[in-house]
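Subject: Structure handover and findings

Hello,

Here is the structure I promised to pass on.

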Amino acid sequence: MFNGGVMKVSLVTGGNRGLGLAIVKELAAKGHMVYMGTRDLDKGSKACAGLVKEGLKIRPIELDVTKSSTIKDAVAKIKDENDYLDVLINNAGVMLGSGEGQNSVLNVDPVIVMKTYEVNTVGALIMSQAIAPLMKEKGEGRIINISSGMGSLSEMEGGWAAYRMSKSSLNALTRILHAELNSFGISVNSVCPGWLRTDLGGESAPLSPEEGARTPVWLATMVDSPSGKFFRNKEEIEW
């Protein structure tokens, strides 16, 4: 359970555009101090400028989940400025392809698979490892992994093999983190935001980034959070 009276501090990786930016905006609108993780600090600063003028508490922070030095520096900065972090949203992700036929599991380039895992799965692992000590010290926290129905074993189909496998592995990470962190007051959940109109989802997707942000923001701000679950549209779904 989140204690009242103290401003909540959140970190969103890949926070300067698309779903990440929508999550950053909504969390800040709900009173959180939000660190916008961005690989390009200039782009992050530009994305923040107008929002800060509106009175939202958002700070860009350089963060590339594939570069341990930026993760270390970002966590040190957050600890120095706040001494705690309430919410980590592992949003940074990629969906890579490599020509006709390469999305099939029979033809996918192993290099594409490794690059996809590096961001979608290992990036979330390293971020969680870096942030967990802050949350354990406070005795509460929330880690929310942005997954996908494409990684659900119960919904698994062919195509986009690298992406599907990386998200299935991310869901496994969610369950492992839940098992090891829940006794410290830290909840860990996966979210399928749906097919969104972002750079990753494309213009033909049926949902806006704002619609996709509803469930992760809901999990980040509710009084008592479940843990070890997989959600879509604020409802639990099968792994």
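The notes below cover charges, cysteines and backbone angles.

First, the conventions. This is a predicted model, in which local features need pLDDT of at least 70, side-chain atom pairs count only at pLDDT 80 or more, and totals for chains, interfaces and linings use all residues. Residue numbers start from 1 along each chain as its sequence is written, and side-chain values use heavy atoms, with hydrogens and water left out.

**Salt bridges**

Side chains of opposite charge can pair when their charged atoms come close. Here a salt bridge is a side-chain nitrogen of Lys or Arg within 4 Å of a carboxyl oxygen of Asp or Glu. The whole structure holds seven salt bridges.

Start with Arg232. Its partner is Glu155, with the closest N and O atoms 3.1 Å apart. Arg232 sits in strand S7 and Glu155 in the loop between S5 and H5, so this pair ties together parts that are 77 residues apart in sequence. Helices and strands are DSSP runs numbered from the N terminus (helices: H or I, at least four residues; strands: E, at least two). Arg232 is partly exposed at 23% relative accessibility. Glu155 is partly exposed too, at 35%.

The areas come from the Shrake-Rupley method with a 1.4 Å probe, and for residues only the protein chains shown count as cover.

Next, Lys138 and Glu140. Their side chains meet in a salt bridge at 3.6 Å, N to O. Lys138 is partly exposed at 31% relative accessibility, whereas Glu140 is buried at 5%.

Lys30 and Glu26 make another salt bridge, at 3.8 Å, N to O. Lys30 is partly exposed at 47% relative accessibility. Glu26 is partly exposed at 35%.

There is also a network: salt bridges link Arg59, Lys77 and Glu81.

**Positive patch**

Which residues gather in a patch of positive charge on the surface? They are Arg39, Lys43, Lys46 and Lys67. Patches are made of residues with over 30% relative accessible area and no salt bridge; like charges are joined within 9 Å, and nonpolar side chains (Val, Leu, Ile, Met, Phe, Trp, Tyr) within 5 Å. Lys and Arg count as positive, Asp and Glu as negative, and His and the chain ends are not counted. Each charge is placed at NZ of Lys, CZ of Arg, CG of Asp or CD of Glu.

Arg39 lies in the loop between strand S2 (33-38) and helix H2 (41-53). Arg39 is exposed, with a relative accessible area of 61%.

**Cysteines**

Cys48 is buried, at 3% relative accessible area. Cys192 is buried as well, at 6%.

**Positive phi**

Two residues to check on your side follow. Trp160 is not a glycine, yet has a positive phi of about 45°. Trp160 lies in the loop between strand S5 (141-146) and helix H5 (161-181), and is partly exposed at 32% relative accessible area.

Asn233, also not a glycine, has a positive phi of about 55°. Asn233 is in the loop between strand S7 (230-232) and strand S8 (235-236). At 58% relative accessibility, Asn233 is exposed.

Best wishes

Methods: Buried means under 20% relative accessible area, exposed over 50%, partly exposed in between (1.4 Å probe, protein chains only).
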